[in-house]
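Please find below a colleague's note on the structure shown here.

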Amino acid sequence: MTAIQLSPAAAESDVLLCKNDHGVVTLTLNRPEQYNALSLALLTELQAAVARLATDESVRVLVIAGAGKAFCAGHDLKEIQGHASPEFEKDVFENARRLMIALTRLPQPVIARVHGAAYAAGCQLVAQCDLAVAVPEARFAASGVNFGLFCSTPGVPLARNVSTKRAMEMLLTGEPIDAATALAWGLVNRVVPPARLDEEVLGLARSIMTKSPAVIAAGKKTFYEQIDENLVQAYRVATASMLDNLQTEDGKEGVAAFAEKRKPKWTGLDRSKIKSKNRQD
């Protein structure tokens with residue numbers, strides 16, 4: 001199994017921790033005293049780690065977690081204020097944008113493990129993950145408006161997870177919602193007691209890992225390609241993907257196994273057959 005290595009800068013600062021448990025990689029935001037606020041260094045390390053994971057076929061699922069009391073408090077406003085430079089501010093938000101897009105383009109599914117507060121860009125991070133599991137004590141907020149900063153970028157994935165009215169309520173008031181509300185609104189998949197959080201996250205990961213990695217990767221890519229298209233184009237994208245899927249080894253094996261009433265034997269992930277749209281970052 002390929003070991004996932006963080007960059008020397010991350011190793012020195014420990015802003016991001018990495019653990020590989022038999023193909024389930026957990027990246028832990030490790031700035032507990034700052035409630036895991038997304039500093040430029042942390043954003044940079046997250047991007048680098050995600051890029052490395054994308055090429056590691058031994059990795060099947062990515063989990064994003066937080067150390068300390070909070071999941072993630074959002075951008076590091078103290079760092080931004082300390083630099084007071086439009087160039088620095090642009091660097092921070094461009095890196096955040098690239099990270100969020102990279103998560104959707106990652107072949108492996110991404111699960112947010114939310115054990116505490118997820119505010120502003122932290123809420124954005126949860127919304128951008130493919131799946132999310134939270135504890136009842138977790139809180140979610142698009143809180144930027146409280147500090148004179150409308151959460152425009154967190155609003156991008158938020159509006160793709162919950163209804164327009166609910167997204168606007170969060171964006172306009174900045175008030176937090178509890179985990180039960182986040183579940184009802186569609187921001188998280190499951191809410192479980194803290195003692196069961198890791199078990200639930202791992203259970204989701206293991207369920208995913210029983211499926212063909214090639215099919216999962218291609219299916220995730222298609223999902224994000226079609227979701228913002230109009231209905232006609234969305235069906236064109238999805239139909240083309242289904243037809244490609246049927247011609248793959250795992251597609252043929254799955255159909256055969258269903259017909260023969262047996263468990264399928266997946267061949268593994270062949271990323272060379274997964275084509276991406278030519279989009280600008």
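**Notes on the predicted model**

1. Cys72 is buried, its relative accessible area being 0%; buried here means under 20% relative accessible area, exposed over 50%, and partly exposed in between (1.4 Å probe, protein chains only). Cys72 takes part in no disulfide, and the nearest cysteine sulfur, that of Cys123, lies 10 Å away. A disulfide is taken as a pair of cysteine sulfur atoms within 2.5 Å. Cys129 also counts as buried, at 4% relative accessibility. The sulfur of Cys129 is 11 Å from the closest cysteine sulfur, in Cys72, which is too far for a bond. A search of the whole structure finds zero disulfides.

2. On provenance, this is a predicted model in which local features need pLDDT of at least 70 and side-chain atom pairs count only at pLDDT 80 or more, while totals for chains, interfaces and linings use all residues. Residues are numbered from 1 along each chain as its sequence is written, and side-chain values use heavy atoms, with hydrogens and water left out.

3. Strands (E, at least two residues) and helices (H or I, at least four) are DSSP runs, numbered from the N terminus, and two strands pair if DSSP finds at least two bridges between them.

4. Asn20 has Val25 in strand 2 as its bridge partner. The two strands form a hairpin with two residues between them, and His22 in the turn has a positive phi of about 55 degrees. Strand 2 (residues 24-29) then pairs with strand 3 in the parallel sense, again over six bridges, and Thr26 stands opposite Val63 in strand 3.

5. Strand 3 (residues 61-66) runs parallel to strand 4 and is joined to it by three bridges, with Leu62 opposite Val110. Four bridges join strand 4 to strand 6 (residues 131-134), also in the parallel sense, and the partner of Val114 in strand 6 is Ala134. Both faces of strand 4 are covered: Val110, Ala112 and Val114 are buried on one side, and Ile111 and Arg113 on the other.

6. Which residues have the most contacts inside the largest nonpolar core? They are Leu62, Phe71, Val114, Val126, Phe140 and Leu158, in a core of 66 residues. Such a core is a set of buried Ala, Val, Leu, Ile, Met, Phe, Trp, Tyr and Cys residues joined through side-chain atoms within 4.5 Å. Helix 2 (residues 40-54) supplies the largest share, seven residues. Leaving aside neighbours within four places in sequence, Val114 is in contact (heavy atoms within 4.5 Å) with residues including Phe71, Val126, Phe140 and Leu197.

7. A further open sheet has three strands in the order 5-7-8, with mixed pairing. Its edge strands are strand 5 (118-119) and strand 8 (177-178), each pairing on one side only. Strand 7 (residues 139-141) and strand 8 are antiparallel and are joined by two bridges. Phe140 stands opposite Ile177 in strand 8.

8. The geometry of helix 11 (residues 231-247) is consistent: at 1.5 Å a residue its 17 residues should span 24 Å, and its end C-alpha atoms are 25 Å apart, which agrees. The expected span is 1.5 Å times one less than the number of residues. Ala234, Val237 and Ser241 are buried in helix 11. These residues cover an arc of only 70 degrees around the axis and therefore lie on the same side of helix 11; the arc is that of the directions from the helix axis to the C-beta atoms. On the other side, Leu231, Tyr235, Arg236, Met242, Leu243 and Gln247 are exposed.

9. What covers the buried residues of helix 11 includes helix 10 (213-226). Thr222 is found in helix 10 and is buried, with a relative accessible area of 10%. Not counting residues up to four places away in sequence, Thr222 touches Val237, Ala238 and Ser241.
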